[in-house]
Structures are given as structure tokens and as C-alpha cells.
Amino acid sequence: MGLLRNIFGSRAAVTQLPSGSITVNRAGEIVSSTVSSAYPAELLHTVGKEVLALLREARSAQMPLAEVSIHFASLRITARELRGGAIIFLFPQTALSPAAN
Amino acid sequence: MEIQHKILILDDDVDWLELSREMLAPLPSKPEIRTASSGKRALAMLDAEPFRLLICDLKMPRIDGLQVLAIVRRRFPELRTVVLSGLEDEDFRSRAYAMGVDMFWLKTEMQRNLQMYLECLESLLGRDQETGFRGIQSKNLMDIIQMECLTRSSTVLRITRGSLVAKLWIQDGELTDAEAEGVRGETAFRRILTWKSGTFENLPSEPNRERTIFKPVNALLLESAQAIDENADRAAEASDPTVQAHRRTVWKLSLLTRVGAEFVVVVPPEGQGAHEALGTQIQTAEQYARWTRRAAAIIKHMGDAVDAGPLLHLDGSNLERQLFLIPRENRNFLVGWSPEASEGLLEKTKKLVASWDS
């Protein structure tokens, strides 16, 4: 008994979706965050970095974006450009979440 | 010595055969009446002895009337044929006449107008020395009209095409009136000439018919032929890939204008062809396409990292415009809207993307 637990560990590898907001500076470092500290910091860092890349690419394509919303099936990420950095809001999507637009 | 003709009646209803035999008894030429209750039997009888007239039912088990008639037309071209059917369907009448039958009668109609029916049969039996050709389905309508006019005929051509019926009035070789699909005159005539196939029959002339066509028939035929040729050219043009591509572009631009979007850039995956852009300059379109491709890659990476599921759409805005990026079937659509556009933009964008390849 408990063989599977010995092999795979006692916890299932399920990460809760992030909820809250983060502010990243132009270097992609997280300046402030309201997301639960249980959420892996490196994943938040990835989100911040990718959002900045998205905004930077838009600028270089001659269409700078003041605000962008990325609608995934289970998460909505809304980012507002902030003097080279960005403030990013993370909303997990459920069946009860308000429809976009 | 007067020849005694033979009539063969084919019907699967034995009672009806007996009744028919009695009904045909008063025919003045006193023909010999024979009957067959199946197509196979009828063909065997026709093979065995000469008949002048075949009266055939349509709806029969195994070999139906149309099948029998098809065989008869080929093997016994001299045999006169009459269809006597209970099927009140214009399509069967057209098909029967197309096969070259001499007459088509409904059983109900025949019983009501027995005397007329008998006269028709007598007339068919009497045409011993008749010359002429039948079965001119290989000729088109223009040929038939020209033939009627050249021979200075007076007739009414009743032309049937499926459920459509048209009539042409020819008086002393001049086309005087036409009627088809609810219109009369030259318009009707032109419409009739576009029919590619059908059947026709000559009805007695109607000299008192009001004249609506005054142009010479040759002039009308020439005009109609030119119009048909032009239409054929247009159809050929439409099958040209360049013309098709041009039409698609025009249609997409009209779609863009209709929904009120500023531009659309459709970006296939890397290495799978060039992007397609409408409503924007070439240079700008290239920049937009590059960003769309980069954005799709960034979003995918981010979505995978946080297990957020697939991208449904992205929307962004600045002072100059609002943007939507929607993935669809391996491609990404970037749609730009003016900043003033507000109501239901996501729905409009989705509809535009969905109908893009229609």
C-alpha cells in the first residue's frame, strides 16, 4: 500500500491559475504583485517578460499598444503599458466569468 | 383491299386491358386489338408480328413503360406509340415526348374524351404514307424555329422543359408572339432560347393571336445567339484563376467595407505561404504580418508556461485603432478597427473571420 505515493509523491502536480496583478519594470523585473505567494514566481516572471515582448514587438511594427488583453481558454491577461514597463492583471476564467467585449 | 392494322395495348392491369379492348372496338378502321400485361411479353409480340400502334402504360412492375418505349423506339422506329398513363405528372409527359412518342394521354382524360381519343388513334393508324422525320432532339431550338419559319409554316410550338412550358406562335413563317415564365414578346423569346434542352410539339396555328413580336425572326435569333455567346464568354472568364482571384479580392473588400473594419491581415504559419492583406499598404501589411506571427509565438509560449489553455483571441488598442488577433484553422487573423468603432467588435471580428473564405 502507498506504493504510488512513494513513487509519485503525495501531491498532484496541479498549479492553481494566477489571480491578481503584477507590475513589471522595463527590464521585466516584478516590482509589485498581488498574486498569491503560492504561485511560482518564475511563472509570473515569464508572464511579465512575454507581455513586455509583445508590447515591444508592437512598437517596432509601428502600432504601439496602450493596452492589450489576451484571452486564453482559462485565463485572461490584461496589460497596460506603463513607461516601458507594464501593469498586468490576471483573471482566471470560469463559466461564471463575464464574457469579453 | 383495305389493310387491317394491329394495335397492341400494354398494361399490367388485366381488367383495364379488357376495358381498353372494348373501348377501341368502335374505331372505324376496325383494327385488330391485341393485349400484353408485361413489357417482356409486349416486346416478344412486337418481334413476332408487325403492329401499327402500341398503346403503353407507364407504371408497371419490372420493365416500366419508359423502358419499353426506349427499346421500341430503337427496334421498331416505324411503330406509332401512344402513352396512356394514370400518372398526372408533367415530367412524365415531357420524358415521353422526348422519347418520340406520338401522343400522351391521361387515363382519366381519355375516359372523359373518349371520342377525341379514338379520333387521335384513328388518325395515327391512317398515316400510312406519312413521310418525315421524328426524334429531332439533337437539333437545338434555334434550328427548329428556323425550319418552321423557312417552310413558311403556321403553327404554335409548345416547348416543355421540365415543369416550364413556353409557346411560340408562328404565322406564315413569321414569329408573331412568344410566351414563357410569365412574360411575353421578345423577352420571352430570348428566355426560351437560353433553354438548352426540352421537348416540343406542334399545335394548331392561332391566326387571331395578338402580335407582340415585329422584328424579323432572323434578327432576333442573331441577337439572342450573340447574347448567349457573350454569356458563355463570361462563364469561361469566370473559370480563369486570375479572374476568380480578382473576384474573391473584390468580395473580401466589400465584406470589409460592409462590416466597417479598417484592415485584415491573414497570416499563415511560418513557411506556409505569404500573408494576405486587405485595406492596408503593402509595407505596413508586412510589419503587421511579422508582428502577428511574433505575437502568436509569444502568446503560445506564455499560455503553455502557465497552462492557460489555447488562445481564444487577443485585443489591443491605442489612440489610432483597435486590434483583434484571432486564430482560425492554422492561420492568424489580425483585424483593425477605428477607435470610434465600439459596439460588439469581437462578434463582428469573429463573423468577418468566419466568412473570410466563403
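Two strands are taken to pair if DSSP finds at least two bridges between them, and the strands and helices themselves are DSSP runs (E, at least two residues, for strands; H or I, at least four residues, for helices), numbered from the N terminus. In β8(B), for instance, B:Glu174 is the bridge partner of B:Gln171. The model is predicted, so to speak of local features a pLDDT of at least 70 is needed, side-chain atom pairs count only at pLDDT 80 or more, and totals for chains, interfaces and linings use all residues. Residues are numbered from 1 along each chain as its sequence is written, while chains are lettered from A and ligands numbered from 1 in the order in which they are written.

A look at confidence comes first. The predictor gives the complex an ipTM of 0.84 and a pTM of 0.48. For chain B the average pLDDT (the predictor's confidence in each residue, from 0 to 100) is 83, with 92% of the residues scoring at least 70. Among the elements of this chain, β13(B) has the highest mean pLDDT (93), and helix α9 (residues 217–238) of chain B the lowest (75). Over residues 129–135 of chain B the pLDDT falls below 50, and beyond near neighbours in sequence this stretch has two contacts in the model; two residues are in contact here if their C-beta atoms, placed from the backbone, lie within 7 Å. Where pLDDT is low, the predicted coordinates should not be read in detail.

Chain A is made of two helices and five strands, arranged along the sequence in the pattern α-β-β-α-β-β-β. Residues 24 or more positions apart account for 42% of the contacts in chain A with a separation of 6 or more. Strand β1 (residues 20–24) of chain A pairs with two other strands of the chain, β5(A) and β2(A). With strand β5 (residues 85–92) of chain A the pairing is antiparallel over five bridges, and A:Ser21 stands opposite A:Phe89. With strand β2 (residues 30–33) of chain A it is antiparallel over three bridges, and A:Ile22 has A:Ser33 as its bridge partner. β1(A) and β2(A) form a hairpin with five residues between them, and A:Gly28 in the turn has a positive phi of about 90 degrees.

Chain B has 12 helices and 15 strands. Of its 358 residues, 28% count as buried, and among contacts between residues at least 6 apart in sequence, 56% join residues at least 24 apart. An open sheet of five strands in this chain runs in the order β9-β8-β7-β6-β10, with antiparallel pairing. Its edge strands, β9 (183–184) and β10 (199–203) of chain B, each pair on one side only. Within the sheet, strand β7 (residues 164–171) and strand β8 (residues 174–180) of chain B are joined by six bridges in the antiparallel sense.

Helix α12 (residues 345–354) of chain B has the buried residues B:Thr349, B:Leu352 and B:Val353. These cover an arc (of the directions from the helix axis to the C-beta atoms) of only 95 degrees around the axis, which puts them on the same side of α12(B). B:Glu347 and B:Ala354 are exposed on the other side. The buried residues of α12(B) pack against α10 (241–259), β14 (322–328) and β15 (331–337) of chain B.

The two chains meet in a contact that takes 27 residues from chain A and 27 residues from chain B. On the side of chain A that touches chain B, α2 (41–60) and β3 (67–72) of chain A each supply at least two residues, and the largest share, eight residues, comes from α2(A). This side divides into 17 nonpolar, seven polar and three charged residues, where Ala, Val, Leu, Ile, Met, Phe, Trp, Tyr, Cys and Pro count as nonpolar, Asp, Glu, Lys and Arg as charged, and the others, Gly among them, as polar. β3(A) also pairs with strand β13 (residues 311–317) of chain B, in the antiparallel sense over six bridges; there, B:Ser317 is the bridge partner of A:Glu67.

Methods:
Buried ≥ 20, exposed ≤ 12 C-beta atoms within 10 Å, placed from the backbone.
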